[in-house]
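Open the structure in your viewer and keep the selection panel at hand. We will go stop by stop.

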Amino acid sequence: MPVNDRIVITGIGLTAPNGNSLNEFRRNLLSGRSGVVNYETRYMPPVLAGVCNFDELRYQSRREVRRGTRAGSVAIYCSNEAIRHAELDWDNVEKCRVGVYLGITEHGNVETENEIYEISQFEYDTKVWSHHHNPRTVANNPAGEVTLNLGITGPHLTVGAACAAGNAGFIQGLQMLRLNEVDIAIAGGVSESIHTFGIFASFQSQGALATHEDPTQASRPFDNARNGIVVAEGGGICILERLPDALKRGATIYGEIIGHAMNSDASDFVLPNSERQAECMRLALSRAGITQHDVDLVSSHATATEQGDIEEATALREVFGGTNAVVNNTKSFIGHAMGAAGALELLGNLSSFDDGMAHATINVDSPDPRCELDQLVANQPRDLGKVRSILNNSFGMLGINSVLIVQKYED
Amino acid sequence: MTGEEIRQVVLDILERIAPDEDLSGLDDAMAFREQMELDSMDFLDIVMELRKAYRIQIPEDEYEHLTTMATTVAYLEPRLKDVPVAG
């Protein structure tokens, strides 16, 4: 591979329901601390959700927060944190050579629901519909708000990819770097989904919204007692650079993206397809130039729906059966962060390159035999000694699959 | 509402629109835009807030009356004289 095609992660910014920095997130994942809480949403009885508590005003004025969206605030917080973490000399970065590529599951539902509620208070008089609605709901909003906040004049866009979006954001950034469209990619995924009642109501109507007396036990992928998804908000954004650029400025390299793949099930609106998922993983392995035996840790997508977990476990057994690759699941701690899920799940595992640990999949009290995985890291973290490569799964509705393989960078 | 009450209503709206600004020294004779960060979308918020709180419709060709605090109060006074301050 040409050296300029080697893309590395040099900075990380995140907000998750159980942590607002890489270290805090990692610490809580290793100590088994969930971020799922009771939550109130419009029109519905109380639900459960993964709620973030980052400080919006750390990088935005109150005016910016008022004008913008929650997704924009998530993206701005994570992007600024990533730039700071990367120790970029931001004042001297050529802003026209920076691109912002953010995966989203959906965007605009929050603002549209808010406006419909607002006009309902005025007998549906559309004259009180906000003039801010369009700039808040255009699909590029979260990425565009980042460029406004940081003075970035290079390209920006969001990548709509359902719950495969986190990986898709990274992949878009990687490709733009390889095409030499930009020198720095601010890439990842964001979600503000918990601020719309519609996502909860829809999952409930689908019979796929998790309930549990104890919020921290509600998200239980691969467990017999799982009863659906815990919706979460969050963001996971990385600074991606070409390897020579990173080395030239003496950047700390947190990992190298060595493989990626995306494909489509072409089989159902909502039901996943283990065959296509397995194909996607194999394609990523092939592009990375490694085999399944070279993967140490698989970060699973499983959302705690009945069929979804069975399909992914089937695909994982097919690809990784008989290997030493362990499997874990970050959603068991934070719920399903939608557009941010793939990004946060990768970032929650990235520190394993340094500490050699695989964080647990919590709440696996009674493993579902239909999801049998020999190497599932259940309930307690596992010391792997050394972790060299992570494969991160992220799948979504309409049959969209994404896989990213990240390797520890070694000179 | 009296002129003074209308002034307070407008000031409250401006404080919501520009929460980072200190408006304690607002000069009633000077254009809003010359003494605070206020773009066209913010300006429309003034119109919208008045519409929501007092059901007052301000035609676009009359926006020019909302340039300073003094002209805004003078414009609104006859239109809101029989309207109580919203709770």
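**Stop 1: the domains of chain A.** Select residues 7-248 of chain A, then 260-407. The domain assignment calls these domain 1 and domain 2. Keep in mind that this is a predicted model. It scores ipTM 0.94 and pTM 0.97.

**Stop 2: where the domains touch.** Here, 57 residues of domain 1 of chain A are in contact with 53 residues of domain 2 of chain A. Which elements give two or more residues to the domain 1 side? Color these in chain A: strand 1 (7-15), helix 1 (22-30), strand 3 (47-50), strand 4 (98-104), helix 7 (165-178), strand 6 (184-191), strand 7 (231-232) and strand 8 (234-242). Helix 7 of chain A gives the largest share, 8 residues. By class, this side of domain 1 divides into 31 nonpolar, 21 polar and 5 charged residues.

**Stop 3: helix 7 against helix 13.** Show side chains next. From helix 7, pick Ala165(A), Gly166(A), Asn167(A), Gly169(A) and Phe170(A). From helix 13, pick Ala341(A), Gly342(A), Ala343(A) and Leu344(A). These residues make the contact. By class it has 5 nonpolar, 4 polar and no charged residues.

**Stop 4: helix 3 against helix 6.** Select residues 70-85 and 141-150 of chain A, which are helix 3 and helix 6. Their axes come within 8 Å and cross at roughly 50°. That angle makes helix 3 of chain A oblique to helix 6 of chain A. Is the crossing left-handed or right-handed? It is right-handed. On the helix 3 side, find Ala71(A), Gly72(A), Ala75(A), Ile76(A) and Ser79(A). On the helix 6 side, find Asn141(A), Pro142(A), Ala143(A), Glu145(A), Val146(A), Asn149(A) and Leu150(A). This contact has 7 nonpolar, 4 polar and 1 charged residues.

**Stop 5: across to chain B.** Show both chains. Chain A puts 10 residues into the contact, and chain B puts in 9 residues. The side of chain A that touches chain B has 2 nonpolar, 4 polar and 4 charged residues. Finish by coloring chain B by confidence: its pLDDT averages 96, and 100% of its residues score at least 70.

Note on methods. Residues numbered from 1 in each chain as written. Chains lettered and ligands numbered in written order. Predicted model: local features only at pLDDT ≥ 70, side-chain atom pairs only at ≥ 80, totals over all residues. pLDDT = per-residue confidence, 0-100. Axes fitted to C-alpha atoms, helices over the stretch in contact; angles between N-to-C directions. Helix = DSSP H or I, 4+ residues; strand = E, 2+ residues; numbered from the N terminus. Parallel < 35°, antiparallel > 145°, perpendicular 65-115°, else oblique. Left-handed = near helix turned anticlockwise from the far one by under 90°. Contact = placed C-beta atoms within 7 Å. Nonpolar A, V, L, I, M, F, W, Y, C, P; charged D, E, K, R; others polar. Domains from an automatic or database assignment.
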